[in-house]
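Please consult the sequence and the structure below while reading.

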Amino acid sequence: MTWEVVIGLEVHTQLTTQTKLFSGSSIQYGAEPNTQASLYDLAMPGTLPVFNRAVLDKAILLGLAINAQIAPKTVFERKNYFYPDLPTGYQISQLALPIVQNGHLMVTADDGSEKKIRINRAHMECDAGKSLHDEVYGMTGIDLNRAGTPLLEIVTEPDINSAKEAIQYLRQLHQLVTWLGICDGNMQEGSFRCDANVSVHKPGTPFGTRAEIKNINSFRFIEDAINHEVARQIEIIEAGGEVVQETRLYDPDKNETRSMRTKEEANDYRYFPDPNLLPIVVTEEMIEKVRETLPELPEVLQARLISDYGLSEYDASVLTQSRAMCDYFGQMVANGTDPKMTANWLLGEVSATLNQQGVSIDAFVISADRLAGLLTRIADKTISNSIAKKVFELMLQSSKTADEVIEAEGLKQVTDTGAIEGWVNEVIEKNPKQVEQYKGGQTKLLGFFVGQVMKLSKGKADPAAINALMAEKLQ
């Protein structure tokens with residue numbers, strides 16, 4: 001039996017402001033519980049909200065990046081529900097007039113075609129606090145540090161038809177919000193988390209009843225959760241049952257979803273305009289001022305890296321996963337390094353080091369100028385590629401430039417043909433058996449001879465000169 005899958009995603013992105021949406025409390029992650037909650041965050045009587053203008057600018061920036069409409073007038077409403085970590089008894093959000101409407105992102109569909117994923121809205125809202133469960137003592141504590149943290153909730157239309165498409169969309173959105181600098185994208189800390197609305201139906205029939213899977217914070221778990229939920233719903237329907245509209249949690253340890261509560265509709269939350277917050281009027285002047293800060297977007301830059309610098313589509317796509325990495329690449333090329341060599345080093349040695357150290361390129365100890373100096377010495381044959389890796393390791397341990405390391409360690413490449421010829425003769429003399437095999441037609445042994453010379457010269461001999469001399473001697 002053929003089934004069609006329908007998925008809509010709601011992504012909560014925590015914005016990179018210094019303070020909360022309506023108070024001056026810090027949103028720094030990792031503080032002691034309840035040390036970043038003001039009287040307003042605690043819902044003390046008589047306290048009033050003060051709107052954080054930076055949140056509006058970040059919302060507009062996202063809207064421009066996804067080709068959306070920016071609402072000329074936007075309103076905050078109270079979404080009423082009771083939960084221990086929500087001291088007000090309501091969440092300040094947006095329903096009727098969200099700040100961003102009708103945008104889109106493009107993905108590759110399962111059939112290989114280009115597909116538009118429509119973004120219905122992106123609205124500003126406050127995050128709730130956090131419940132901390134202590135299984136040892138059987139108690140639950142409430143941490144209100146996160147209460148009032150500014151979020152953009154980004155909601156798609158039900159245009160996604162597989163877990164694979166969902167992950168593509170989410171990776172693109174994650175790349176975009178971090179590229180714009182409006183979200184740090186840290187999924188482990190909850191800065192980028194997803195709710196997935198999943199339903200199934202037979203082709204040609206109305207959409208099925210949807211279940212919402214809440215607060216999934218890794219791409220792998222999102223994919224697993226969607227696939228599990230699709231299989232669960234199909235199994236229920238084929239057995240003659242009915243899918244219940246509800247909110248479910250995903251358990252990655254058991255790879256299953258389980259019921260939390262029945263799914264509420266908008267009217268269950270009794271939305272109404274917040275009486276303490278006036279409508280916000282967004283002028284064209286305000287939008288244009290934000291537009292001036294809009295960076296070159298990833299897909300545009302990727303095309304330029306291919307056309308202007310001759311990079312492969314793969315290298316360009318990997319580089320543009322991070323705006324900071326692209327900026328680093330640009331600084332190196334501006335220093336005169338070869339673009340292809342630069343990309344190779346950034347995606348090779350540099351990325352391996354960053355992964356090993358668990359840091360981003362922003363925190364890399366070797367500046368773009370210093371690494372450019374190293375690549376310059378490879379290009380002018382002062383050092384070989386193998387020596388360059390040794391220089392790189394030494395540069396990681398100090399603030400020295402490549403030239404200073406090369407000079408201090410005596411690592412300049414030997415290009416003197418007399419010295420190289422001496423090493424070539426020595427290798428030929430010590431390996432008579434391999435010489436005979438080479439002359440007997442096993443020409444691949446040339447690599448062996450070159451390697452032996454490199455070893456003898458401690459990596460300092462010019463590989464091109466070795467190749468030429470060795471091939472000549474072996475004839």
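The sections that follow treat the domains, the sheets, the hairpins and the helix packing.

**Basis of the description**

The model is predicted, and local features need pLDDT of at least 70, side-chain atom pairs count only at pLDDT 80 or more, and totals for chains, interfaces and linings use all residues. Residues are numbered from 1 along each chain as its sequence is written, and side-chain values use heavy atoms, with hydrogens and water left out.

**Domains**

The protein chain falls into domain 1 (4–285), domain 2 (296–409) and domain 3 (417–474); such bounds come from an automatic or database domain assignment. Taken over C-alpha atoms, the centres of domain 1 and domain 3 are 64 Å apart.

**Sheets**

Helices (H or I, at least four residues) and strands (E, at least two) are DSSP runs numbered from the N terminus. Two strands pair if DSSP finds at least two bridges between them.

An open sheet of nine strands has the order S2-S6-S7-S10-S1-S11-S12-S13-S14, with mixed pairing. Its edges are strand S2 (69–70) and strand S14 (256–262); each has a single partner strand, so one side of each lacks a neighbour in the sheet. Within this sheet, valine 198 has alanine 211 of S12 as its bridge partner.

Helix H3 (residues 219–238) packs on the sheet, touching strand S1 (4–14), S11, S12, strand S13 (246–251) and S14; contact means heavy atoms within 4.5 Å. The direction of H3 makes about 25° with that of S11.

An open sheet of three strands runs in the order S5-S4-S15 with antiparallel pairing. Strand S5 (90–93) and strand S15 (272–273) are its edge strands, each pairing on one side only. Here lysine 79 has glutamine 91 in S5 as its bridge partner.

| Strand pair | Bridges |
|---|---|
| S4 (residues 77–80) and S5 | four |
| S8 (residues 130–134) and S9 (residues 139–143) | five |
| S11 (residues 192–201) and S12 (residues 211–216) | four |
| S13 and S14 | six |

**Hairpins and an aromatic pair**

S8 and S9 form a hairpin with four residues between them, and glycine 138 in the turn has a positive phi of about 65°. Aspartate 134 stands opposite methionine 139 in S9. S13 and S14 likewise form a hairpin with four residues between them; in this turn asparagine 255 has a positive phi of about 50°.

Tyrosine 250 stands opposite threonine 257 in S14. The structure holds ten aromatic pairs, where rings of Phe, Tyr and Trp (its six-membered ring) pair if their centres lie within 6.5 Å, and planes under 30 degrees apart count as stacked, over 60 as edge-to-face and the rest as tilted. One of them joins phenylalanine 221 and tyrosine 250 in a tilted arrangement, 6.2 Å centre to centre with 50° between the planes. This pair links distant parts of the chain, with phenylalanine 221 in helix H3 and tyrosine 250 in strand S13, 29 residues apart.

**Helix packing**

Helix H10 (residues 385–396) and helix H11 (residues 402–409) pack at about 110°, their axes 10 Å apart. Axes are lines fitted to C-alpha atoms, for helices over the stretch in contact, and angles run from 0 to 180 degrees between N-to-C directions. H10 and H11 are therefore roughly perpendicular to each other, a term for angles of 65 to 115 degrees, whereas those under 35 count as roughly parallel, over 145 as roughly antiparallel and the rest as oblique. Val391, Leu394 and Met395 of H10 meet Ala402, Val405, Ile406 and Glu409 of H11 in the contact.
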